[in-house]
Amino acid sequence: MHNYYTKTLLELPYFETINLPTFYEKKKISIQEINGKVTKEVNKICKCCGGTLHLHSKERVKLKHFAGCNVLIKINVSYERYKCYRCNNIVKQEIPFKIKNHFITKLYASQIKNLLIKGNMTNKAIANVMSCNATMVKQIDKDRLKAKYKDLKPTHYSRYIGVDEFSLHKNHVYATVVADLETGEVLYLEKGNKAQQLHNFFDLVGNNFMKRVKSISMDMNASYSKAVLDRYPNIDITYDKFHIIKRYNDTVISETRKEEQNRLIQEIEEAKNNRDKEKLKLLTNEYKLFKNSRFTLLSNRSTLEAKDKAAKEHNRYLYETYEKKGLSIPSNERKYSTKWIDIARKTNIEALDKFSNMLERRMYGIVTIAKHNISNGRVEGINNLIKTIRRQAYGYRDQEYFFLKIWDASRRYSHSKSHRKTGWTLKKAALLAAIFYYSEREGFEPSVPLPVQILSRDPDSATLASLQFSG
Ligand SMILES: [Zn+2]
């Protein structure tokens with residue numbers, strides 16, 4: 001009659017019930033305990049010396065077996081221990097349905113694994129559902145991931161890779177992430193954010209991998225470029241275009257905007273004092289326009305991308321003519337960029353001058369934007385993923401586990417859709433906005449055609465990204 005339980009869904013091999021189950025409630029969870037013994041035969045010959053094993057003691061172990069809907073089923077397993085009197089070797093009766101290192105059955109472990117695979121619950125939430133502690137969930141998860149990704153090495157070749165840093169802890173400890181820009185898969189993770197980390201990545205993947213890499217994308221301020229220049233000078237470095245624009249926004253635009261704003265405020269004050277109503281009206285208007293231009297001039301990546309998309313539609317005609325002309329973008333890129341620098345120099349704006357010097361120094365990694373049309377956006381996406389993972393686990397203290405989670409997540413959400421088609425190249429980029437602004441103000445005539453879209457006062461179409469050359 002007790003064997004009823006071994007014939008249900010909860011069937012356990014080599015388990016025989018011996019008493020009626022007991023029921024009780026603990027912390028609002030209904031607990032059912034099934035009592036029984038394990039029936040697996042023990043080989044009575046000692047593996048160490050060939051002597052005979054004798055029954056030594058009877059033991060009991062409580063295993064969690066099934067959880068759900070505020071019900072927890074535990075099984076109370078009796079098992080035997082045998083001893084060899086000749087060599088003192090002790091052998092436990094095997095419990096075939098128990099998981100190693102945890103007091104749970106295989107069924108219970110698979111319940112946890114299923115919840116982990118779904119990937120939409122934190123370890124704490126899983127522990128809550130399963131009436132166990134989060135540490136065990138973490139250990140099961142870590143073992144699962146270690147078995148899944150035996151060594152954290154790329155499994156295929158990559159054409160375009162990106163490298164970036166991310167913060168490991170709150171106290172300014174950084175790590176390096178290398179990712180495939182086309183699949184979004186993380187290829188390498190290591191504590192530290194120096195050129196050495198990229199060297200270590202090169203060592204790990206080897207020359208066979210690296211000779212297939214066409215370009216490596218990175219931020220300008222990172223120290224990774226040195227490793228590439230030292231080791232693989234034939235691989236193009238591509239500086240992230242959004243990062244270049246951000247630098248431009250943070251230095252040139254912000255600085256000059258501040259100066260300009262102060263000038264206007266001062267002149268408005270003067271006009272007020274002189275009771276020059278006509279001038280005051282003009283200046284106030286200028287000030288308003290100036291204020292409104294901020295959104296156009298300073299935007300983050302996502303707004304830039306969104307605006308860029310809209311602008312591309314807007315500029316389809318221009319875009320298509322450009323394509324029809326069959327102009328080779330890569331060969332023109334340097335020409336346009338250096339032309340831009342010449343113009344920038346003529347404006348005599350200090351911030352712009354500094355920026356131009358930087359552009360010139362970094363030109364090798366800027367012209368390649370047009371050649372490969374890649375950005376580090378994918379790696380930045382991974383950086384956001386990393387933040388989410390860290391938040392979910394309230395800060396992973398176990399670095400190995402943290403890296404496994406990142407590795408897994410990048411594969412879970414990765415898709416092969418190319419991320420290279422972000423659309424626009426440097427010469428269409430934001431860098432011209434200030435030129436336009438200052439050339440107009442100073443009555444200075446640039447020698448290249450001015451971008452078309454900036455002339456529009458519509459903030460949605462007059463975007464940085466929509467700036468176009470006409471030839
Ligand atoms: Zn023995």
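1. Which residues in H3 meet which residues in H14? In this predicted model, Lys138, Lys142, Leu145 and Lys146 of H3 meet Tyr401, Leu404 and Asp408 of H14. Sorted by class, the contact of H3 with H14 has 3 nonpolar, no polar and 4 charged residues.

2. As for the geometry of this pair, the axes of H3 and helix H14 (residues 399–412) come within 10 Å and cross at roughly 60°, and H3 and H14 are therefore oblique to each other. The crossing in which H3 passes H14 is left-handed.

3. Helix H3 (residues 134–148) also has a crossing with helix H2 (residues 123–130), where the two axes come within 8 Å and cross at roughly 115°. H2 and H3 are therefore roughly perpendicular to each other, and their crossing is right-handed. On the H2 side the residues are Asn123, Lys124, Ile126 and Ala127, which meet Ala134, Val137, Lys138 and Asp141 in H3; by class, this contact of H2 with H3 has 4 nonpolar, 1 polar and 3 charged residues.

4. Turning to the strands, an open sheet of 5 strands is built in the order S9-S8-S7-S10-S11, and its pairing is mixed. Strand S9 (186–191) and strand S11 (236–239) stand at the edges, and because each has a single partner strand, one side of each is left without a neighbour in the sheet. Direction ignored, neighbouring strands of this sheet are turned by 20° against each other on average. Helix H13 (residues 377–392) packs on the sheet, where H13 touches strand S7 (160–167), strand S8 (174–180) and S9, and the direction of H13 makes about 35° with that of S7.

5. Within that sheet, strand S10 (residues 215–218) and S11 run parallel and are joined by 4 bridges, with serine 215 standing opposite aspartate 236 in S11.

6. With strand S3 (residues 29–38) S5 runs parallel, joined by 8 bridges, and asparagine 35 stands opposite asparagine 76 in S5. With strand S4 (residues 53–68) S5 runs antiparallel, joined by 14 bridges, and alanine 67 has leucine 72 in S5 as its bridge partner. With strand S6 (residues 90–92) S5 pairs in the antiparallel sense over 3 bridges, among which lysine 83 has isoleucine 90 in S6 as its bridge partner.

7. On confidence, the protein chain averages a pLDDT of 77, and 74% of the residues score at least 70. Among the elements of the chain, helix H4 (residues 195–210) has the highest mean pLDDT, 95, whereas helix H15 (residues 432–442) has the lowest, 46. Over residues 1–8 the pLDDT is below 50, and this stretch has 12 contacts in the model beyond near neighbours in sequence. Over residues 416–471 the pLDDT likewise stays under 50, and for this stretch the model has 121 contacts beyond four places in sequence.

Terms used: Residues numbered from 1 in each chain as written. Predicted model: local features only at pLDDT ≥ 70, side-chain atom pairs only at ≥ 80, totals over all residues. Pairing = 2+ DSSP bridges. Helix = DSSP H or I, 4+ residues; strand = E, 2+ residues; numbered from the N terminus. Axes fitted to C-alpha atoms, helices over the stretch in contact; angles between N-to-C directions. Contact = placed C-beta atoms within 7 Å. pLDDT = per-residue confidence, 0-100. Parallel < 35°, antiparallel > 145°, perpendicular 65-115°, else oblique. Left-handed = near helix turned anticlockwise from the far one by under 90°. Nonpolar A, V, L, I, M, F, W, Y, C, P; charged D, E, K, R; others polar.
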